[in-house]
Amino acid sequence: MRINKFQRNSKPSMASRNCAYGRGNVNFQAKFTTPGHVWPGSLRDGVLRAYYVWPDFPSISITGEACALDCAHCGGHYLKLMEPATEPEALVKLCEEKKKAGAKGVLLSGGCDARGGILNLKEFLPAIRKVHEMGLMIKLHTGLVDSDLAGQIAASGADIASQEMVGDPKTIKKVFGIDAKPRNFLSTFENLRDAGIPHIAPHIVIGLDEGKVVGEFMALEMLAGSISPSTIAFVVLRPTKGTPMEGVRPPGGDDVRSVVSKARLLFPDTKLVLLALRPRGPEAGEPDGRFEIELGALDGGIDGIEHPSSAILAEAEERGLAVRKIGAYGVLPVEYESRLFSE
Ligand code: SF4
């Protein structure tokens, strides 16, 4: 087993010593590690990146609140939190304003059509090209795409393409209400890769199936057999008011730890990041579910956390990690950090 510099030089903190999957736990090693893999529970470069998305990387919905799906975990709720730009001209204008106000990049997303593609995406691609030419970095949430659309997305200049990867067909049907299979989700990433999108960032929703870990390991294994993402981004199911999952129990720290650990083993050189979309308030559970989720991610080998708590930053520093604060979204490719902040 290879031990990296950070691991040799660090000692487990109180939290990791008490943790079932901590670095000293023999069962954990036997269960998840194989020769040649980086040991989970540590980071690749001894740095925990703390991402602060707003205000330099605003989120924009190209469909406003419109969505043909009524997913059981979302019900369109999260579209309401994004700025709307429902016409291509409006998108260009809004991005010009954002650029003038100092934005460095944008997240473009929107509601889906009945087959899981982003509504009207094709129509927006010339406008997205203009946004690219303004010099804004673009993360585009693509929905499911075929090879033709993937080629058009690549031509638009999008820097980062993201989409959920789901490994269980029953979960897809139950949550999204569509007949797509995990293979169709994987094809989207393969199409984006083959089209030459510079960075691909699959999203894994931990606990997508009513808070339980069902297809997450399979999703990671499928990706590992086919894709070289620049980032794997983790969302943690947030029981959302007004949706059928309002009352479910969200995943806990152990769930997050097991999924992130698996990703660390399968993708030793890929950046892993915990996104802001996770239980961060009372819905995370008592006494401090938010910290437990973050701690699970840290133990599992996460490289960055969007909007981390001060407690997890203190924990990371106690473990000997350097905390690097970055005003960007967590899928920012590592090589863009100097480009973005030296300007
Ligand atoms: S397709 Fe997206 S925006 Fe629409 S309900 Fe599902 S998760 Fe929410």
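A residue counts as buried if 20 or more other C-beta atoms lie within 10 Å of its own, as exposed if 12 or fewer do, and as partly exposed in between. In this predicted model, Glu210 has 18 C-beta neighbours inside 10 Å and therefore counts as partly exposed. Glu210 is placed in the loop between strand S7 (199–206) and helix H9 (216–224), and its phi is near 55°, a positive value in a residue other than glycine.

His307 sits in the loop between strand S10 (304–306) and H12, and with 16 other C-beta atoms within 10 Å it is partly exposed. As background, most residues other than glycine have a negative phi, and most peptide bonds are trans. A cis peptide bond, with omega of about 5°, joins Trp54 and Pro55, and Pro55 lies in the loop between strand S1 (47–51) and strand S2 (59–61).

## Lys170 in helix H7

Lys170 belongs to helix H7 (residues 169–176), and because 10 C-beta neighbours are found inside 10 Å, Lys170 counts as exposed. Although Lys170 and Asp209 are 39 residues apart along the chain, their C-alpha atoms are separated by 9.0 Å.

Two packed helices are described by the angle between their axes and the distance between the axes. Helix H10 (residues 253–266) packs with helix H11 (residues 289–300) at an angle of about 25°, their axes being 7 Å apart, which makes H10 roughly parallel to H11. The crossing of H10 and H11 is right-handed, and among the residues that make the contact are Val256 and Val260 of H10 and Ile293 and Leu295 of H11. The residues of this contact divide into five nonpolar, four polar and five charged.

H11 also packs with helix H12 (residues 310–318), here at an angle of about 30° and with axes 9 Å apart, so H11 and H12 are roughly parallel to each other. H11 passes H12 in a right-handed crossing, and the contact is made by Phe291, Glu294, Leu295 and Leu298 of H11 together with Ala311, Ile312, Glu315 and Ala316 of H12. By class, the contact of H11 with H12 has six nonpolar, no polar and two charged residues.

## Surroundings of the ligand

The residues around the ligand include Cys67, Cys71, Cys74 and Cys112, as well as Asp70 and Tyr78. By class, this shell has seven nonpolar, three polar and one charged residues.

Key
Residues are numbered from 1 along each chain as its sequence is written. This is a predicted model: local features need pLDDT of at least 70, side-chain atom pairs count only at pLDDT 80 or more; totals for chains, interfaces and linings use all residues. Axes are lines fitted to C-alpha atoms, for helices over the stretch in contact, and angles run from 0 to 180 degrees between N-to-C directions. Helices (H or I, at least four residues) and strands (E, at least two) are DSSP runs, numbered from the N terminus. Angles under 35 degrees count as roughly parallel, over 145 as roughly antiparallel, 65 to 115 as roughly perpendicular and the rest as oblique. A crossing is left-handed if the near helix is turned anticlockwise from the far one by less than a right angle, and right-handed if clockwise. Two residues are in contact if their C-beta atoms, placed from the backbone, lie within 7 Å. Ala, Val, Leu, Ile, Met, Phe, Trp, Tyr, Cys and Pro count as nonpolar, Asp, Glu, Lys and Arg as charged, and the others, Gly among them, as polar. A residue is near a molecule or strand if its C-beta atom, placed from the backbone, lies within 6 Å of it.
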